[in-house]
Every structure is written in structure tokens, then in C-alpha cells.
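Open the model in a viewer and keep the selection panel at hand. The stops below go from a sheet to aromatic pairs and then to charges over rings.

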Amino acid sequence: YEGYYENLLAERGMYPKKFLNINTQDVTMEYNLASANIEIALDSEFNKDIAYLSVHNYNKWSASSWGKRNPKGLYEFNNIGCEIVYLPVSYNYLGIKAISNPFILKKNGTVKFLNPNHKKVRTIKIDRKYLVQNHMKRVLKKMIGGKFQGANFSDFRDAQDLYEITSVPVPKTNNFEITNQEQYRYFRFIHSNQRCRVAEISFFGTTTNSKGISNNNVRLDGKWISSKYLDDNGPDKIQDGKILTYFIADSLKGGWVGLDLGQRNGVRLTRVEFYPPNDGNSVEIGDSYELFYWESGWQSLGKQVAQKEELTFENCPENALFILRNYTKGEDERIFTFENNEQVWW
């Protein structure tokens with residue numbers, strides 16, 4: 001039968017099918033990447049001559065290399081890429097099975113096993129389930145130079161700059177404090193050097209009720225207005241509660257979107273909440289999450305429905321490998337460690 005002999009070899013501690021293909025070659029050295037040859041000790045109950053290393057891709061562990069046991073009882077792996085988390089596994093026709101906790105191969109060729117320390121636990125705060133990739137970094141960088149303006153004419157002939165984005169925003173809600181004391185009827189976000197693309201905006205200001213009592217930091221309501229926009233990406237997307245729907249200006253430069261407060265006295269703007277274009281992988285209010293750490297499989301640290309754009313988990317073991325899952329939407333997940341109060345992605 002097709003595959004019978006390959007499976008038989010696998011059962012006897014030989015190679016998975018992917019390593020039996022004579023056209024498969026190790027090209028690690030061709031990419032000018034840091035690599036190392038290592039020797040590691042595995043579970044004493046594991047006594048086969050061949051072991052494998054798996055990497056975590058597309059939400060699962062996949063065998064990427066193999067090594068032999070030497071006379072010292074250690075397993076040798078050659079040309080292994082550095083700055084990667086590996087999970088040692090065995091293999092048979094049923095698939096792979098973990099035979100150790102995962103480890104990090106550092107740039108200097110040293111190995112750090114991620115053995116959870118239950119005697120030393122901590123509280124960790126998490127705001128993403130996936131790293132910010134380079135294309136997303138470029139998108140966020142394009143927000144620099146965007147301005148928030150106030151005006152009392154609908155054509156913004158008297159526009160005054162209230163705040164300019166001068167550093168790369170984070171891919172979640174950014175809060176910008178406004179110090180200008182003037183009052184305006186119209187507010188907008190405009191980008192003179194890039195196409196104007198925005199997921200969500202909320203303007204906050206100081207209002208006065210019919211009794212003359214002032215209310216500070218009130219979210220302002222009115223009619224959303226804008227320059228021309230692409231397709232159905234109009235100003236109605238600005239407060240639809242969906243962070244993956246955007247206002248997108250028709251023009252490459254100078255597009256804008258804003259708020260008309262209507263026929264009433266002007267308002268002093270105090271704060272802006274701004275959600276830039278993003279990948280949907282930041283923690284989102286209302287979504288259901290579960291945090292896991294690895295120890296002979298993924299172990300749960302609890303489920304939460306996010307009440308804010310950050311999750312807090314207690315009793316998390318030190319020196320552990322984690323993964324955060326969103327059960328509401330999205331498929332991107334990335335393993336990480338928690339170091340110096342930050343997520344470190346692998």
C-alpha cells in the first residue's frame with residue numbers, strides 16, 4: 001500500500017514522510033541566518049535513536065528537523081536556526097508527540113528550556129495575541145503627520161491645528177489630550193501627506209447644559225462629514241464599533257473626516273480617541289479570550305471576556321511559553337514569553 005513502508009520506517013524511529021523526499025534539502029546556510037549545532041538531553045524514558053524538533057506555525061507544531069542520539073546519550077541537531085522556540089518531539093504514523101518542554105535557541109548557540117516555575121508565579125497584562133508585523137508597522141508609521149483641527153466654517157477656511165501625530169501610534173485606541181482653549185463647531189482629522197485612513201474616532205469636549213452647568217470630557221455627537229471617499233468607506237465607518245472597517249479618503253493626500261456639532265455654541269475639545277488602521281489582533285472589548293501555557297501540552301490559565309483593551313491573568317508561572325486565543329473572531333495566534341513586563345514573540 002502507498003505509504004506503508006514510510007509509516008513502517010517512522011514507527012521504527014526513522015524519518016517522517018517529509019524527510020524521506022530525496023528532493024528535500026536543508027537550505028538554512030543559504031539565507032545568512034544565525035544557526036548552531038547543538039546537543040540536548042531529552043526525557044530519560046525516550047530512548048529512540050532519532051528525535052525531531054518542531055516549530056509553532058499556523059497554530060500547530062510542525063516537525064522541521066531531526067537529530068541522532070550520540071554515544072553520550074545526547075541528541076545532536078545541526079544547522080538549527082537561532083532565536084527560535086523548538087519543541088522536541090517523537091514521531092510515528094499517528095503524528096508527533098512532545099518528549100520535552102520547548103526551548104529557545106539563542107544567538108550565541110545556548111539553549112534555554114522553558115520549564116514553567118510554579119513556585120514563582122506572577123500577574124501578567126496582555127494586549128495582543130499576535131506580533132505587529134512589518135507591513136502593519138509601515139501602515140502605522142504613515143499616520144505620523146496627521147492632524148486634528150477645529151473650525152467654525154464648514155469649509156475649514158479658519159482651521160486651527162489642535163494636535164499633530166508625531167510618533168507611531170499603537171494598533172489600538174490612542175488617546176490624545178487637547179490643550180487649545182478655543183471653541184469650535186467643526187472638528188476633523190486630516191492627513192496632508194498620506195491617504196487618510198481611520199478605523200474609529202471619538203471627540204470629547206466640555207459642554208454646558210441648559211442650566212449653565214459644565215460637563216467635562218463628554219463624547220461629542222453630531223453629523224459625520226468628510227472629503228470624498230472610496231467606494232462604501234465613508235464617514236459612517238468612523239463610529240460603527242468595528243475596528244476593521246475604515247474611512248478611506250478618495251484622494252492620496254489631503255483627505256479628511258470630521259464631526260459637525262450643528263447649530264449651537266462651539267465646544268472646547270479636550271481629548272480625542274483615535275483607532276488607526278490595524279490587523280485586528282489587539283485585545284478588543286467584548287471578545288472572549290483564553291490564555292494557555294505549555295507543560296506536556298497547552299494548559300489553561302483561564303477564560304475572560306475583555307472589559308478593556310488589556311487582559312490581566314494571575315498565577316502565571318515564570319519561565320513559561322504562552323499562547324492567547326480569541327474565541328470570538330480571528331485566526332492569528334503566536335507563541336510568546338513574558339519578559340520585563342512585555343510579550344516577546346517567537
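Two strands pair if DSSP finds at least two bridges between them; helices (H or I, at least four residues) and strands (E, at least two) are DSSP runs, numbered from the N terminus. This is a predicted model, in which local features need pLDDT of at least 70 and side-chain atom pairs count only at pLDDT 80 or more, while totals for chains, interfaces and linings use all residues. Residues are numbered from 1 along each chain as its sequence is written, and side-chain values use heavy atoms, with hydrogens and water left out.

Select the four strands of an open, antiparallel sheet, ordered E12-E20-E15-E16. At its edges are E12 (174-177) and E16 (214-219), each pairing on one side only. Next, select 200-208 and 268-275: these are E15 and E20, joined in the antiparallel sense over seven bridges. Ser 202 has Glu 273 in E20 as its bridge partner.

Now show the aromatic rings. Rings of Phe, Tyr and Trp (its six-membered ring) pair if their centres lie within 6.5 Å; planes under 30 degrees apart count as stacked, over 60 as edge-to-face and the rest as tilted. The whole structure holds 21 aromatic pairs. Trp 61 and Trp 294 are edge-to-face, because their planes stand at 75 degrees, with ring centres 5.7 Å apart.

For one aromatic cluster, select residues including Phe 148, Tyr 163, Phe 203 and Phe 274.

Last, look for charges over rings (NZ of Lys or CZ of Arg within 6 Å of the ring centre and within 35 degrees of the ring normal). Lys 303 lies over the face of Tyr 327, 5.4 Å from the ring centre. Arg 325 lies over the face of Phe 292, at 5.0 Å.
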